[in-house]
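Please look through the sequence and the model shown here before reading on. The paragraphs below follow the strands, the cores, the helices and the charged pairs in turn.

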Amino acid sequence: MKTEHPSPRHMAQLRQLWQQAFGDTDDFLDSFYSTAYAPDRCLCILLEDRPAAALYWLDCTLQEHKLAYIYAVVTDPAYRGRGLCRALMESTHDLLRCRGYAGAVLVPQQEGLRAMYAGMGYRNCGGLQEITCAAGEDPIAVQAIGPAEFAALRRTLLPPHSVLQEGHSLDFLARQLQFYRGPGFLLAAFAENGILQGMELLGDPSSAPAITAALGCREGRFRIPGDRPFAMFHPLAEGCNAPDYFGFAFD
């Protein structure tokens, strides 16, 4: 059993493993691999030179600390129950420490996985809450903006001790949604079947009905900072404490 970074010959198998586990489309995977993927931010367990388990991470920061957002952890169903996931996570933590990462953060795909990750040293962090509203009668002024402007404005509206997700993270998100600004708020969202899916709303949440109307949707669903556990954090260096807010899970 070998744990190593993938090579080009493994890419088709990695995509197949991902789709088998998560069901994402080819377009989604094309977006990820063209914007957020790097071989040195992916680890695999290879059995007979085929990926039997894999994970990816994206760089982010928490104040002066470098963090890894661990994403798309997957084990081939044929090899589940053999401890591959735990072995892969341990190898990843060791590598991240060697590279100067102070912590790792992840968002369990299912609530039932929190106990598994807790057994690996992760603890709940980064609270949020979800609000739902009907479109208001009076639309608010909304302006579409690019990732760079969004990143700069986001820094001014994030709660204290928040994770910054910029660079390749926002480049990837820009393939999936649109960034907006308006009076007193900042939004990352996409519309689907008349419903505005707000992946993050910062600023004044009372603007949600007016934003929903402005973007031509009948209903809005928004994630905002709150108290419900969302992410999980594992420290890799002394002095790095769990973040109070982690905004974007690429779900």
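Predicted model: local features only at pLDDT ≥ 70, side-chain atom pairs only at ≥ 80, totals over all residues.

Residues are numbered from 1 along each chain as its sequence is written, and side-chain values use heavy atoms, with hydrogens and water left out.

Strand E4 (residues 65-75) runs parallel to E5 and is joined to it by three bridges, two strands being paired if DSSP finds at least two bridges between them. Between the two strands the chain passes through helix H3 (residues 84-98), and this β-α-β crossover is right-handed, a term used when, with the strands pointing away from the viewer, the path from the first strand over the helix to the second runs clockwise. E5 also pairs with strand E14 (residues 231-235), here in the antiparallel sense and over four bridges, with Leu 106 standing opposite Met 232 of E14. In a regular strand the side chains alternate between the two faces of the sheet. Within E5 (residues 103-106), Gly 103 and Val 105 point one way and Ala 104 and Leu 106 the other way, and all are buried, that is, under 20% relative accessible area, with exposed meaning over 50% and partly exposed the range in between (1.4 Å probe, protein chains only).

The nonpolar cores come next. A core is defined as a set of buried Ala, Val, Leu, Ile, Met, Phe, Trp, Tyr and Cys residues joined through side-chain atoms within 4.5 Å, and the largest has 50 residues, those with the most contacts inside it being Trp 18, Phe 32, Tyr 56, Tyr 69 and Tyr 71. When residues up to four places away in sequence are not counted, Tyr 69 touches a set of residues that includes Tyr 56, Trp 57, Val 105, Leu 106, Phe 246 and Phe 250, contact meaning heavy atoms within 4.5 Å. A second, separate core of 23 residues includes Val 73, Leu 96, Ala 104 and Tyr 122.

Pro 51 has its place in strand E3 (residues 50-62) and counts as buried because its relative accessibility is 7%. Residues up to four places away in sequence again not counted, Pro 51 touches His 10, Gln 13, Leu 14, Leu 17, Cys 44, Ile 45 and Leu 46.

Elsewhere, an open sheet of six strands has the order E7-E13-E12-E11-E10-E8 and mixed pairing. Its edge strands, each pairing on one side only, are E7 (128-134) and E8 (143-145). Strands E12 (residues 195-203) and E13 (residues 219-225) pair in the parallel sense over four bridges, and Ile 195 stands opposite Glu 219 in E13. Helix H5 (residues 147-157) lies across E8, E10 (178-182), E11 (185-192) and E12, running at about 130 degrees to E11, where axes are lines fitted to C-alpha atoms, for helices over the stretch in contact, and angles run from 0 to 180 degrees between N-to-C directions.

What joins the charged side chains? The structure holds eleven salt bridges, each a side-chain nitrogen of Lys or Arg within 4 Å of a carboxyl oxygen of Asp or Glu. In one of them, Arg 154 meets Glu 200 with the closest N and O atoms 2.8 Å apart, a pair that links helix H5 to strand E12 across 46 residues. Arg 154 is buried, since its relative accessible area is 2%, and Glu 200 is buried at 1%. The side chains of Glu 219 and Arg 221 also meet in a salt bridge (2.8 Å, N to O); Glu 219 is partly exposed, with a relative accessible area of 22%, and Arg 221 is partly exposed at 36%. Salt bridges that share partners join Arg 15, Asp 26 and Asp 30 into one network.
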